[in-house]
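Hi there,

Here is the structure I promised to pass on. Have a look at it first, and my notes follow below.

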Amino acid sequence: MAEALSTSTVPHGETTKRDFLALVTGASALVGLGAIAWPLIDSMNPSKDVLALGSVEVNLAPIPEGQGITVMWRGKPVFVRHRTAKEIKEAEDVQLNQLIDPQPDSDRVKPGHAQWIVLIGICTHLGCVPLGNKPTDPRGNWGGWFCPCHGSQYDTSGRVRHGPAPANLAIPPYTFLDNTKIKIG
Ligand code: FES
């Protein structure tokens, strides 16, 4: 008659059937949770074919000056923009003490290829994808990218010029295979 046995009638320290059932139920719930969680976590891992796309080649030839494209690399958007001479000069002429995350433009491009800027297109605030690659997109006051989520703005070097983003857009690993082709990753 365990149901009739109230806890107040059980001597202190004595384990009741109800306590035992509660322990068993708790343990089962944990096992069950683990059994459900593992397939879920496992399904979130990249599949083998996605991992195989560890690098992506991009043909730069079709990208006109002043325009950019977005390619996907390892599940992330990567911005590739063909900068104009004016945009390059503006990026190079900035005083570093005006920057939130000071970095010279020359550290953000490959030597001899200043017309190409390659960036991971994920805002460093909370991870939105900034606008600025489509011809109709707003590019913000510094002509780079504008994040519509909370208003961060990036210049033509992908450096943050207006917060709340705390840092410049990251640069993925990439190399020039020739003058019109890069390999990202
Ligand atoms: S995520 Fe870009 S400004 Fe907040």
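**What I found**

The protein's secondary structure amounts to three helices and nine strands. Please keep in mind that this is a predicted model. Along the sequence, the elements come in the pattern α-α-β-β-β-α-β-β-β-β-β-β.

Now some overall figures. The protein has 185 residues, and 23% of them count as buried. Taking contacts between residues at least 6 apart in sequence, 50% join residues at least 24 apart.

Next, the core. The largest nonpolar core holds 21 residues, and V78, V80, V118, L119 and I184 are those with the most contacts inside it. At least two residues of this core come from each of β3 (76-82), β4 (116-120), β5 (143-146) and β9 (181-184). The most is given by β4, with four residues.

Three strands make up an open sheet, ordered β5-β6-β7, with antiparallel pairing. Because β5 and β7 (160-162) stand at the edges with a single partner strand each, one side of each has no neighbour in the sheet. On average, neighbouring strands here are turned by 40 degrees against each other, direction ignored. Strand β6 (residues 153-155) is joined to β7 by two bridges, and the two run antiparallel. Within this part, Q153 stands opposite H162 in β7.

Best wishes

Conventions:
Residues numbered from 1 in each chain as written. Predicted model: local features only at pLDDT ≥ 70, side-chain atom pairs only at ≥ 80, totals over all residues. Buried ≥ 20, exposed ≤ 12 C-beta atoms within 10 Å, placed from the backbone. Contact = placed C-beta atoms within 7 Å. Core = buried A, V, L, I, M, F, W, Y, C linked by C-beta atoms within 7 Å. Pairing = 2+ DSSP bridges. Axes fitted to C-alpha atoms, helices over the stretch in contact; angles between N-to-C directions.
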